[in-house]
Amino acid sequence: MSDGPQPVAAADFGPLELLVLQPTPFCNINCSYCYLPDRQSRRRMSGATLEQTFRWVFASGLARQPFTLLWHAGEPLVLPVAFYEEATAMLRRHNTDGLPVKQSFQTNAMLLDAGWCDFLRREDIHIGVSVDGPAFLHDRHRRTRQGQGTLDRALAGIRLLHEQEVPFDVITVLTADALDYPDELFDFYREHNIGSVAFNVEEVEGPHTASSLQQTGIPERFRRFLRRFLELAASADPPLSVREFDTSAGAILSGQRLGPGARTQENKPWAIVNIGCDGSFSTFSPELLGLSSPAHGSFALGNVATDSLEAVTASEHFRRLEDEIRRGVELCRERCAYFPFCGGGPPANKYFENGTFASTETMSCRLHKQACLDVTLELLELGTGATASPERTPE
Amino acid sequence: MTLLPGCRFAVAPHFHVPADWPRRLRIGAGIEEDDGRFFPRGPWRPLTAEELGLLVSDAAGLAPPDLDATLCLFQLPEHLRSAWWQLLDEAAAAGDAGLAGFDVFGEQLGEFLAFKGLPVAGEARCDVVVSKPGQRSARWDPEANRAAGMSCSLAPWVSWPDGASARGPGLWGAINLGDEETSAVLINLPGKELEAELRRRRPDEPAAADIGELAERFLRSYPNYPVARLLLGPGEGYRLPVGGLILDGYPEGKQEPDVLLLIVQEEAKPGPAS
């Protein structure tokens, strides 16, 4: 019997849960922790590629249930509203079964104006704003290419969203510096009427090869931070919704545990489809798009203009990638006590931290999964913040 | 008389407070005695570069014991300051002379300070002192019904020098709860330096028995010693160094009543020797 990659059964594909489209790799700012390698490139997705993208997605058979379309992997608001109006019309034309598709933008909010707000409200588009807290935290990492802080312009965007009554969530990247400032972050969110927050950790990914969170003593500092922040969030009136608590509490309270063979959105083939501005596509972690490795070559598996899902999934390229990721999930299942609540760590983190997808624990696991689950459990047992919000946006 | 090396000021680690020391610090002309009480004497002037060098420390990397010997500036988060004013509003609405929830507020404050690495060890209490704008002192002598003036932050009965080697009974620190800037005025010299100066001037005088006596001797003996004035913005506070300092609150020049939260470490006063 061969030890090589095993064929992947068609039933293992999808269904599509998250479609990540890169309208442009360009970003108008230059965050110190960014993993996007081409963020200075002003390429943009052409109308023809957009058309091919939607044709490919709906022809693939992956779109079998409602899914989220996330415009990301660059600053999406760099392109004009007209681009997205055309894209929305195209999406409707190709979505002949009328599947509910929730559009979402992850943005730094600096380019928002009344026209954008009108479009977002009209199309009921979800907005995630990237903001890292008070200026002494935000402006340390989120700067222009000239080195200027960007908080003032991000807050102008947030004010506009409030004025125009466009609901939004916030994603904050936690660096080591931020772990000393839960109260200051809490005050910041309250001051700016931010009701829903998600914390990402500064990850080691792609060109961002080192994280401030790799220092000694970080796991305990992270737990102290999280404990204090969640206590503050739960005691606020109205409570501040925190994705890390909600998802962890959901996993703990639902009673559903992930067993053998279980996979999550990020490590299940084709639950996520990532499509670059040139039509190249990948699956698994969105951060893999546009990157490559000595072992696998480009993580892009094909192009919507030329490659069908069937052809790509039959390729050695995909099968080797899927096999390595599957082995990594199995290792997680065998070795990690948190697996029933987690389902295996994000492949991109495994690859960039451990050098292979066939590996287990990462810094991201220790902080973003294990610490969040442990602290949430502590707080649930203490009766703090026992009401979790089950509906959360993608991480 | 010139400023002598002594206690330094720094922004406490794990806090983000714009230090702006040249704006925040002033130097007075000396000390004025009024009927056995001591008050700072103006005019107030900016510090010279040399004086700034003597008074200000870079907190980055400061750790005990240096940190314990430093006056640490910190900032109360807005949610805690709001909680204080909400307590007052609720008490006013209820016509309540007491302040329901103040104990909980004190616990929350203690948890915050502990998280930030400024724990208040042992038994402590919070007092809120409200002073009239323009008052010469934030300390009030209720028996004499007059401003009490500058004194040592440690309880005056603490024995010298043994009792001043640890944090203890007396003022731990203070926080400006108001919306307007206020000031603290202080002598930057810890007990050992006070004693050394007194010995230089009066080598034959017997040592002070307690902190209160040591402080009073110095204030009386050095009326021209420059008093440092530390401006505190809304929500800003300070933690005093181990061994304490001679100080007072200073609501001079204010438009609104001064609202100062004092964090006081407690210890049972020893009874008379049997």
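## Two helices side by side

A crossing of two helices is called right-handed if the near helix is turned clockwise from the far one by less than a right angle, and left-handed if it is turned anticlockwise. With that in hand, let's look at this predicted model, where the crossing of H1(A) and H2(A) is right-handed.

Helix H1 covers residues 47-59 of chain A and helix H2 covers residues 81-94 of chain A; their axes come within 10 Å and cross at roughly 30°. Angles under 35 degrees count as roughly parallel, so H1(A) is roughly parallel to H2(A).

Which residues make the contact? From H1(A) come Gly47(A), Leu50(A), Glu51(A), Phe54(A), Arg55(A) and Phe58(A). H2(A) brings Phe83(A), Glu86(A), Ala87(A), Met90(A), Leu91(A), Arg93(A) and His94(A).

## Where chain A meets chain B

Now for the interface. On the chain A side, 14 residues are in contact with 12 residues of chain B. The size of an interface is often given as the accessible area lost when the parts come together. Here the area buried between the two chains, A and B, is about 1100 Å², and carbon and sulfur atoms give 54% of that.

## A salt bridge across the interface

Side chains of opposite charge can pair when their charged atoms come close. Over all chains, the count comes to 40 salt bridges, and between chain A and chain B the count is one. That bridge links Glu184(A) with Lys116(B), and the closest N and O atoms are 2.9 Å apart.

Where do the two partners sit? Glu184(A) belongs to helix H6 (residues 182-191) of chain A, while Lys116(B) is in the loop between helix H4 (102-115) and strand E6 (124-131) of chain B.

## Backbone details to check

Most residues other than glycine have a negative phi, and most peptide bonds are trans. A few places in this model are worth a look with that in mind.

In chain A, a cis peptide bond joins Asp237(A) and Pro238(A), with omega at about 0°. Pro238(A) is in the loop between helix H7 (218-235) and strand E7 (241-242) of chain A. In chain B, the peptide bond from Trp160(B) to Pro161(B) is cis as well, with omega near 5°. Pro161(B) lies in the loop between strand E9 (151-152) and strand E10 (170-176) of chain B.

Finally, Asn193(A) is a residue other than glycine with a positive phi, near 55°. Asn193(A) is found in the loop between H6 and strand E6 (196-201) of chain A.

Notes:
Residues numbered from 1 in each chain as written. Chains lettered and ligands numbered in written order. Predicted model: local features only at pLDDT ≥ 70, side-chain atom pairs only at ≥ 80, totals over all residues. Heavy atoms only, no water. Axes fitted to C-alpha atoms, helices over the stretch in contact; angles between N-to-C directions. Helix = DSSP H or I, 4+ residues; strand = E, 2+ residues; numbered from the N terminus. Parallel < 35°, antiparallel > 145°, perpendicular 65-115°, else oblique. Contact = heavy atoms within 4.5 Å. Buried area = accessible area lost by both parts, 1.4 Å probe. Salt bridge = Lys/Arg side-chain N within 4 Å of Asp/Glu carboxyl O.
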